[in-house]
Amino acid sequence: MYFCAVNSAKIGGMKTRSVILKILMPLVLGAGILYWMYRGEDWQTILHVMTDEMDWTWMLLSFPLGILAQMFRGWRWRQTLEPVLDGNGVRLRTSVLLHSIFLSYAASLVIPRVGEFTRCGVLKRYDNVSFPKALGTVVTERAIDSLLVMGITAIVLLLEMSTFGMFFRKTGTNLHSILHGFSWAGYLVVAICAVAILILLHFLLRKLSIYDKVRATLRGIWQGVISLKDVRNIPLFVFFTLAIWVSYFLHYYLTFFCFDFTADLGLGCALVTFIVGSIAVIVPTPNGAGPWHFAVKTMLILYGVADEKALYFVLIVHTVQTLLVVALGIYAWLALNFTKSNGKSSRQA
């Protein structure tokens with residue numbers, strides 16, 4: 001009994017350390033990059049830009065598009081869920097779906113990538129949706145979104161080849177010029193991002209290894225993955241998919257008009273910085289804080305924006321849009337607290 005208790009305590013301690021590492025590592029990584037970028041900045045000047053130089057009308061106009069992007073994701077998710085829930089006696093409520101999406105984005109601010117599990121957990125609790133099946137549909141959605149982003153990236157590369165050519169000329173296209181072009185801080189940021197991605201992959205592989213041990217769970221995930229072939233209205237599914245990313249882009253693009261130094265940059269610049277920022281958020285930090293700032297700021301400089309003003313733009317835009325995510329998450333949490341759970345269905349796998 002003593003040895004069992006000791007082993008249980010050790011396992012519990014390891015799990016606790018793992019959870020703490022998952023929470024602290026992204027926060028430390030994001031904070032470290034932000035500190036490096038904004039060290040020595042005059043915060044009074046940034047406050048002055050926000051209060052006296054920034055046109056908040058465009059920022060406020062961008063809010064509905066940010067909300068719509070998440071709502072379109074919820075409506076699309078319903079389409080992939082319905083085929084795997086047919087015959088299970090589950091009544092899927094749109095309100096719970098949307099609240100789960102809002103809450104998932106807010107949860108990912110604390111622990112990156114936990115949002116996918118959060119929204120599946122919300123459906124399990126309130127509408128008794130099979131967690132593995134829901135997770136499988138999320139995997140399908142992520143794969144589709146990744147393919148779409150890759151396609152958009154290829155198109156943007158072709159349309160803005162001159163800008164990327166300038167980027168390659170400045171950074172170098174061979175190892176020798178790259179090594180001499182980076183500062184020590186640049187090396188540090190790249191190294192930290194690479195290590196963070198490797199750690200994220202480690203945790204993801206550990207999660208997958210856990211699922212490999214549970215046959216029923218794997219079956220549920222697979223059913224969710226293949227649910228796309230049974231979607232009843234493919235044109236509507238395609239519309240929702242495009243609407244998600246158009247809304248995300250417009251939510252970002254409208255912020256260009258908040259500042260006189262970005263208002264005239266044009267659609268091409270917005271597309272390039274949007275794609276670069278979307279790729280940067282792969283690095284596991286809360287809402288991409290740090291990597292997103294670094295990537296978007298770098299591209300804005302290539303389009304002629306002064307270094308200091310580019311820093312102002314990424315800090316203000318990212319902060320305000322993150323606060324919108326927080327507000328939606330709080331709203332969803334409150335709404336779910338007043339939502340009744342559906343009775344459990346014995347027919348659900």
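**Exercise 1. Find the partner of K297 and describe the pair.**

K297 forms a salt bridge with D307, with the closest N and O atoms 3.5 Å apart. The pair links distant parts of the chain: K297 is in helix 13 (residues 291-302) and D307 in helix 14 (residues 307-337), 10 residues apart. A salt bridge here is a side-chain nitrogen of Lys or Arg within 4 Å of a carboxyl oxygen of Asp or Glu. Helices (H or I, at least four residues) are DSSP runs, numbered from the N terminus. K297 is buried, at 15% relative accessible area. D307 counts as partly exposed, at 40%. The cut-offs: buried is under 20% relative accessible area, exposed is over 50%, and partly exposed lies in between (1.4 Å probe, protein chains only).

The model is predicted: local features need pLDDT of at least 70, side-chain atom pairs count only at pLDDT 80 or more, and totals for chains, interfaces and linings use all residues. Residues are numbered from 1 along each chain as its sequence is written, and side-chain values use heavy atoms, leaving out hydrogens and water.

**Exercise 2. Work out which residues form salt bridges with E82.**

Start with R78. Its closest N and O atoms to E82 are 2.9 Å apart, in a salt bridge. Both residues lie in helix 3, four residues apart, about one turn of the helix. R78 is partly exposed at 23%. E82 is partly exposed at 26%.

Now take R232. R232 also forms a salt bridge with E82, at 3.2 Å between the closest N and O atoms. R232 sits in the loop between helix 10 (215-225) and helix 11, while E82 is in helix 3, so this pair ties together parts 150 residues apart in sequence. R232 is exposed, at 56%.

**Exercise 3. Summarise the fold.**

Count the elements: 14 helices and zero strands (a strand is a DSSP run of E, at least two residues). Then take burial: 47% of the 349 residues are buried. Last, contacts: among those between residues at least 6 apart in sequence, 77% join residues at least 24 apart.

Definitions and conventions. Contact = heavy atoms within 4.5 Å.
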